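Here are a few friendly notes to read alongside the model. They go point by point, with the cut-offs given where a term comes up.

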Amino acid sequence: MKLAACASALALFVAAPLAAETVAVTADRLLDVESGKYIADPVVVIVDGKVSAVTSGGAVPDGATHIDLAGKTLLPGLIDMHVHLDGRPEYGGYTGLQFTDNFATVLGVVNAEKMLQVGFTTVRNVGDTNYDVKAVDEAIEEGWVQGPRIVTANYALGATGGHCDETYLPPSFGAKSPGVADSPEEFRLRVREQRKYGAEVIKVCATGGVFSRNTEPGQQQLHEEELRAIAEEAHFWGLKVAAHAHGAAGIKAAIKAGIDTIEHASLIDDEGIRLAKQHGTWLSMDIYNTDYTQRVGRSNGTLEDNLRKDREIAQAQRDNFRKAHQAGVGMVFGSDAGVMPHEEVGGQFAVMVEYGMTPIEAIRAATVNAAQALGQAGQVGVVKPGSWGDLIAVSGDPLVDVGELADVDAVVKSGVRVK
């Protein structure tokens, strides 16, 4: 009889749902990034990590954990669409070869926390090695370390000898990236392999690049049919595709092939701008990091040839950013963190405004636009019922001085204050 009673009590205990965790965040105002208007005296109620209500001047629910950010301006957590969490600019050129392969994984842990602390609660990691960033993502999800939500590509795909291959070592090393392929069918297999090991986006190198050897940024490196095979296969599996593309020909081939976002887009021409607008292709243009790379120069081991390429395309990229924006092409925030320090990426907002955006347009590039390009509209990049409870707080008015976003005072992720 006693045993039956205990079993019955245990069944009731197991069946009883856990009490929902409720958090209320208050501040002086909240920027509705979709309308561009402020909500005064907001109360953002977050239940089990997701926003359940946003009110103006309401009361904090009884029993809720209260995060009081009086005097501050709230915004959605920011999104960076182009990062490399497993790299640091301190290790340029050949300097990274002095460390074990898994040194990069530890760097990824450090960099993930740095990006979270400066307000980026979601990032898209477009290429790493050894599945380093997937490991960091798993550790974040399991609660072992702090960091943003990560949408990772694993290995970037590319041509043999191209920007996404191993180009720094002699033949005796036999170094070759697992993402390399040289035909449409091989690239379809590479897409499946990266998805198999957890890729949530596919990254491909359509042109040469700056920080690789034996490639030039303007050089097209994949045929349109290869790019189309990648896009078709990725879309078949429900994945979006990001194409590294500096040169005009490679950009146009990637857009025609159905690629979702163009990374860098430095040398895009008028036809490329027209095609991007026509196809609804997003541009992610990292127009800030040259300030860092040229200032540091060769002190971190970066090769002079890499710095030469960086100098040659820097101003053209900024001028083309202005042209593409004026033409109405969709733009998202992408910093190429790793080439520059992850903790400094917020400085890009001011440069985006310098080259033609209004403050709200720059903010949208890192919130609602980025969320749409990720395929996560309504989940991140906004503060409204159903979205993740990700918020940042700044002291001033970012619609007057977007530089406020380079100095974030508080960060909340899933209703938990992490800064």
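Is Glu193 buried, partly exposed or exposed? Glu193 is partly exposed, with a relative accessible area of 25%. Here buried means under 20% relative accessible area, exposed means over 50%, and partly exposed lies in between (1.4 Å probe, protein chains only).

1. Ground rules. This is a predicted model, in which local features need pLDDT of at least 70 and side-chain atom pairs count only at pLDDT 80 or more, while totals for chains, interfaces and linings use all residues. Residues are numbered from 1 along each chain as its sequence is written, and side-chain values use heavy atoms, with hydrogens and water left out.

2. An unreviewed UniProt entry carries the annotation "domain: Amidohydrolase-related" for residues 73–417. UniProt positions are given in the numbering used here, feature names are shortened, and annotations may be inferred rather than shown by experiment. In the model, this span is 36% helix and 14% strand, and its end C-alpha atoms lie 15 Å apart. Helices (H or I, at least four residues) and strands (E, at least two) are DSSP runs, numbered from the N terminus.

3. Side chains of opposite charge can pair when their charged atoms come close. The rule used is a side-chain nitrogen of Lys or Arg within 4 Å of a carboxyl oxygen of Asp or Glu, and by this rule the count comes to 23 salt bridges. One of them joins Glu193 to Arg190, with the closest N and O atoms 2.8 Å apart. The two are separated by about one helical turn, because they are three residues apart in helix 4. Arg190 is buried at 13% relative accessible area.

4. Glu185 is exposed, at 56% relative accessible area. Glu185 and Arg188 also belong to a network of salt bridges that links them with Arg192, Glu232 and Glu233.

5. A bridge between helices. Which residue does Asp291 pair with? The salt bridge is with Arg318, the closest N and O atoms being 2.8 Å apart. This pair links distant parts of the chain: Asp291 sits in helix 8 (residues 289–296) and Arg318 in helix 9 (residues 304–326), 27 residues apart. Asp291 counts as partly exposed at 35% relative accessibility, whereas Arg318 is buried at 11%.

6. Surface patches. Patches are made of residues with over 30% relative accessible area and no salt bridge; like charges are joined within 9 Å, and nonpolar side chains (Val, Leu, Ile, Met, Phe, Trp, Tyr) within 5 Å. Lys and Arg count as positive and Asp and Glu as negative, with His and the chain ends not counted; each charge is placed at NZ of Lys, CZ of Arg, CG of Asp or CD of Glu. Areas come from the Shrake-Rupley method with a 1.4 Å probe; for residues, only the protein chains shown count as cover. A negative patch gathers Glu138, Glu141, Glu142 and Glu200 on the surface. Glu142 lies in the loop between helix 3 (132–141) and strand 8 (149–152), and is exposed at 62% relative accessibility. Tyr94, Leu97, Leu169 and Phe173 make a nonpolar patch of about 400 Å². Phe173 is in the loop between strand 8 and helix 4 and is exposed at 55%.

7. Backbone angles worth a look. Most residues other than glycine have a negative phi, and most peptide bonds are trans. Asp41 has a positive phi near 45°; this partly exposed residue (46%) is in the loop between strand 2 (37–40) and strand 3. Asn214 has a positive phi of about 65°. Asn214 is exposed at 70%, in the loop between strand 9 (201–205) and helix 5 (224–236).

8. Contacts across the sequence. Ile46, in strand 3 (residues 42–47), is buried at 1% relative accessibility. The C-alpha atoms of Ile46 and Gly415 are separated by 5.9 Å, although the residues are 369 apart along the chain. For Arg213 and Gly93, 120 residues apart along the chain, the C-alpha separation is 9.5 Å.
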